Amino acid sequence: MKIKAILAEHNKYRDEVDVPPLQWSKKLAASAQKWADHLAATGTFNHSGAGENLANGTADAYSVTQLMHSWSREKKNFKNGVFPDVSTTGHWEDVGHYTQVVWRKTTEVGCGLASGHGKDFLVCHYNPAGNFIGQKVF
């Protein structure tokens, strides 16, 4: 796991919107790794709960930061507002990964990576979780 690269990628986007950088959490990384292992073992791709970003791609084809780019690409549809009114498309789901990355109240992240069924699965867990109705993103 490339902890420094994952933190740098998260904090690059947080810096762009002037929110404090995230710190790495071993506890969150352990829970994220457990879920990544589950996804890899089952070949499924679904969330385990709130405060989580997922990405997957062909095994050994992408770096962790390349897997994370799907989250940052959502920025193009983001509008600064009160959740869930945060997307120019009218659907918060179109920006939900990006908003979790830059959510001001989030202070910690931990991620896990696992391979199975021909894919790499990246899972990141956040504390406190973002995307809460009635709260501003930053």
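Visitor: How many disulfides does the count come to?

Guide: This is a predicted model, and in it the count comes to one disulfide.

Visitor: What makes C111 and C124 a disulfide?

Guide: The sulfur atoms of C111 and C124 are 2.0 Å apart, and a pair of cysteine sulfur atoms within 2.5 Å is called a disulfide, so the two residues qualify. The torsion about their S-S bond is about 105 degrees, and the disulfide is therefore right-handed. Because C111 belongs to strand β3 (residues 108-116) and C124 to strand β4 (residues 119-127), the pair ties together parts that are 13 residues apart in sequence.

Visitor: Are C111 and C124 buried or exposed, and how do you know?

Guide: Buried means under 20% relative accessible area. C111 has 3% relative accessibility and therefore counts as buried, and C124, with a relative accessible area of 0%, is buried as well. Over the chain of 138 residues, 45% count as buried.

Visitor: Which word describes the pair formed by the rings of F45 and F121, and why?

Guide: A search of the whole structure finds five aromatic pairs. In the pair of F45 and F121, the ring centres are 6.4 Å apart and the planes stand at 40 degrees. Centres within 6.5 Å make a pair, while planes under 30 degrees apart would be stacked and over 60 edge-to-face, so this pair is tilted. Since F45 lies in the loop between α2 (26-42) and β2 while F121 is in strand β4, the pair ties together parts that are 76 residues apart in sequence.

Visitor: Why is the pair of F83 and W103 called edge-to-face?

Guide: The centres of the rings of F83 and W103 are 6.0 Å apart and their planes stand at 85 degrees; planes over 60 degrees apart count as edge-to-face, so the name applies to this pair. The pair links distant parts of the chain, with F83 in the loop between α3 (64-72) and α4 and W103 in the loop between α4 and β3, 20 residues apart. F83 is buried because its relative accessible area is 3%, and W103, at 0% relative accessibility, also counts as buried.

Visitor: Which residues do ring pairs link into a cluster?

Guide: F78, Y98 and F138 are linked in this way.

Visitor: What makes the chain as compact as a globular protein of its length?

Guide: The chain has four helices and four strands, which run α-β-α-β-α-α-β-β from the N terminus on. Its radius of gyration is 14 Å, close to the 14 Å that the globule rule gives for 138 residues, so the chain is as compact as a globular protein of that length. Taken along the principal axes, its C-alpha atoms fill a box of roughly 40 × 30 × 25 Å.

Visitor: How do you know where empty space is left?

Guide: Rolling a probe the size of a water molecule over the atoms shows where such space is left. A space counts as a cavity where a 1.4 Å probe fits but cannot get out, and the structure holds one cavity of 30 Å³ or more. The largest cavity has about 50 Å³ of space, and its lining consists of E9, H10, Y13, M68, W71, S72, Y98 and V101. The elements that give two or more residues to this lining are α1 (3-16), α3 and α4. By class, the lining has five nonpolar residues, two polar and one charged.

Visitor: Which residues are closest to the centre of the largest pocket?

Guide: The largest pocket holds about 240 Å³ of space, and of the 13 residues that line the pocket, H47, E52, W92, G96 and N131 are the closest to its centre. Two or more lining residues come from each of β2 (52-58) and α4 (96-102), and α4 gives the largest share, three residues. Two nonpolar, nine polar and two charged residues make up the lining of this pocket.

Note on methods
Residues are numbered from 1 along each chain as its sequence is written. This is a predicted model: local features need pLDDT of at least 70, side-chain atom pairs count only at pLDDT 80 or more; totals for chains, interfaces and linings use all residues. Side-chain values use heavy atoms; hydrogens and water are left out. On a 1 Å grid over the protein atoms alone, a cavity is a set of points where a 1.4 Å probe fits but cannot get out, and a pocket is an open set with protein on both sides within 12 Å along at least five of seven lines; lining residues have an atom within 4 Å of a point. Grid points are joined across faces, edges and corners, and a volume is the space filled by probe spheres set on the points. Ala, Val, Leu, Ile, Met, Phe, Trp, Tyr, Cys and Pro count as nonpolar, Asp, Glu, Lys and Arg as charged, and the others, Gly among them, as polar. Buried means under 20% relative accessible area, exposed over 50%, partly exposed in between (1.4 Å probe, protein chains only). The radius of gyration is taken over C-alpha atoms; the globule rule is 2.2 Å times the number of residues to the power 0.38.
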